[in-house]
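Here are my notes on this one, in the order I jotted them down. Have the viewer open while you read.

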Amino acid sequence: MFAGFDYGTSNCALGVIRRGEEASSEVKLLGLDRDSVLLPSNLYALDRSLVCEYVAGRITDPDARESYLASRPNAAGQAQRARRELSIGSDEQVLCVGRQAVDLHIEAPDEGFYIKSPKSFLGSGGLSRPQLDFIEDVVTAMMIWAKSQAEASAEAELSQAVIGRPVNYQGADSDAANRQAMEIMTSAAQRAGFKDFEFMYEPLAAGVNFESRMQQDQVLLVVDIGGGTTDCSMVRMGPSHRNNDNRSDDFLAHCGQRTGGNDLDIYLTYKGLMPLFGLGTDKKSGLTMPTQPFWSAIEINNVRTQAEFSAWQTRDDIAQLCCDAKRPELLNRLLLLQEGRKSYQLVRSGEQAKIELSDADAHEVNLDYIEKGLSQPLDRAMLSEAIQNPLNRIIDIVREALKLAQCRPDLVYLTGGSGKSPVIRAALEQELGEIPVVDGDFFGSVAAGLTQWAAKIYR
């Protein structure tokens, strides 16, 4: 059985093709989360030390397990201490991934350990070795979880896979960021139990999936707007290319940056929802409130910022702002947000609004979890205004792809969850003129293409 694993920023997906069915290229996406083929990229554990314990208990090779534990000498003791302090039984579930993780965090945001979109942090600079080890453990635990769910669904072991990766994990110093991220991904895949695996650019994978349906040769620009990155590939594709094992001559350009759907969610939350918490209001002195506390509250893709926002000092700073404010009732909401650790939930509301505005002109955001009866109407005009900064960066990535390829595409293939937004599509069409833009499977095309490539290289 051939597998393709899309380890995404917002969602994970895993597809398979059974041996003997390669010619049909029929990819089956496996159920990973209850009834869904999409596994939200969120992890929850009763204590952060239990993430390492979970990984160690599922590394099947004894030598590999011993080597892993030797690299984390204090892990076993920390996990045992957490079990005693929290009265966790030996048979109790201590970790989960996906929608269950989100539900548990929302139910008790000040308990346990929760992380959303760890892929966003893989290329981050300035992290210590213990911090990198912990991110590696989180990624490994998620891979183990997804692989075990897929194997249960397929009723077969998955040992060979092609795994997706963005063109660049981070904007600044992309070479160093990519090396760091790929080291983490490689270790995670090995510890998760993949015996043979290769990595493939995500936009290329989406292009491979689309190519299986192409009736003529064309130069294709794949624009993949994922949760954490936007990636572009310019590729010669079509009937005379797709059966070639070596496609290096067909790949004309690749580029990408860390700008994606998460950024759109954060910017929409900032512009559309944070005024309810005091953004843009005045102090009693007549000065405008500083913007940093409102941005820090929702910058959930920055580990350091979130740690600082959760600190007692920040609580004291916001309490002082409440005293200084002309409208203290608004700043009190910011204090409730900080004390209740509801930043992830607020940005999730922004994300849901973005999704709803793909199909509707307006959406009412329910914020009962902040204050009973609190809500905020948002519309596409607000969305368009709010996301101009990340949208401009997305258009810059498209321009870079055209410049690197030194040619114009015949067709633009748009994929990735945020590609559904009519605001983004309109911006692309304005930039590219009369070049046709076609939609793919916004959530499954990368996993399907990875699987088709796995069937090609492992047959």
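**Notes on the model**

1. Some housekeeping before the rest. This is a predicted model, with local features needing pLDDT of at least 70 and side-chain atom pairs counting only at pLDDT 80 or more, while totals for chains, interfaces and linings use all residues. Residues are numbered from 1 along each chain as its sequence is written, and side-chain values use heavy atoms, with hydrogens and water left out.

2. Overall dimensions. The radius of gyration is 23 Å, which agrees with the value near 23 Å for a compact globule of 459 residues; it is taken over C-alpha atoms, and the globule rule is 2.2 Å times the number of residues to the power 0.38. The C-alpha trace spans about 70 × 60 × 40 Å along its principal axes.

3. Of the 459 residues, 55% count as buried (buried is under 20% relative accessible area, exposed is over 50%, partly exposed is in between, with a 1.4 Å probe and protein chains only). The accessible surface is about 19,800 Å², and carbon and sulfur atoms own 46% of that (Shrake-Rupley method, 1.4 Å probe; for residues, only the protein chains shown count as cover). Among contacts with a separation of 6 or more, 72% link residues 24 or more positions apart, a contact being heavy atoms within 4.5 Å.

4. Secondary structure: 17 helices and 16 strands. These are DSSP runs numbered from the N terminus, with helices (H or I) having at least four residues and strands (E) at least two.

5. Have a look at strand 8 (residues 160-165), where 6 of 6 residues are buried. Q160, V162 and G164 sit on one side and A161, I163 and R165 on the other, so both faces are covered. Strand 8 runs parallel to strand 1 (residues 2-7), joined by 3 bridges, with G4 partnering V162. Strand 9 (residues 196-201) also pairs with strand 8 in the parallel sense, over 6 bridges, and there R165 stands opposite Y201. Pairing here requires that DSSP finds at least two bridges between the strands.

6. Strand 5 (residues 42-45) is another covered one: N42 and Y44 point one way, L43 and A45 the other, and all are buried. Its pairings are antiparallel, with 4 bridges to strand 7 (residues 113-116) and 3 bridges to strand 6 (residues 95-97). For landmarks, A45 has F113 as its bridge partner in strand 7, and Y44 has C96 in strand 6.

7. Which residues does N209 touch, leaving aside neighbours within four places in sequence? The list is Y413, S445, A448, G449 and Q452. N209 itself is in helix 7 (residues 202-211) and counts as buried because its relative accessibility is 10%.

8. Two backbone angles to check. Most residues other than glycine have a negative phi. R34, not a glycine, has a positive phi of about 55°; this residue is in the loop between strand 3 (28-29) and strand 4 (39-40) and is exposed at 55% relative accessible area. E155 also has a positive phi, near 55°. It lies in the loop between helix 5 (129-154) and strand 8, and at 74% relative accessibility E155 counts as exposed.

9. Finally, two partly exposed glutamates. E371, in the loop between strand 13 (362-366) and strand 14 (375-379), has a relative accessible area of 32%. E429, in helix 16 (residues 422-432), has a relative accessible area of 35%. E429 and V412 are 17 residues apart in sequence, and their C-alpha atoms are 9.5 Å apart.
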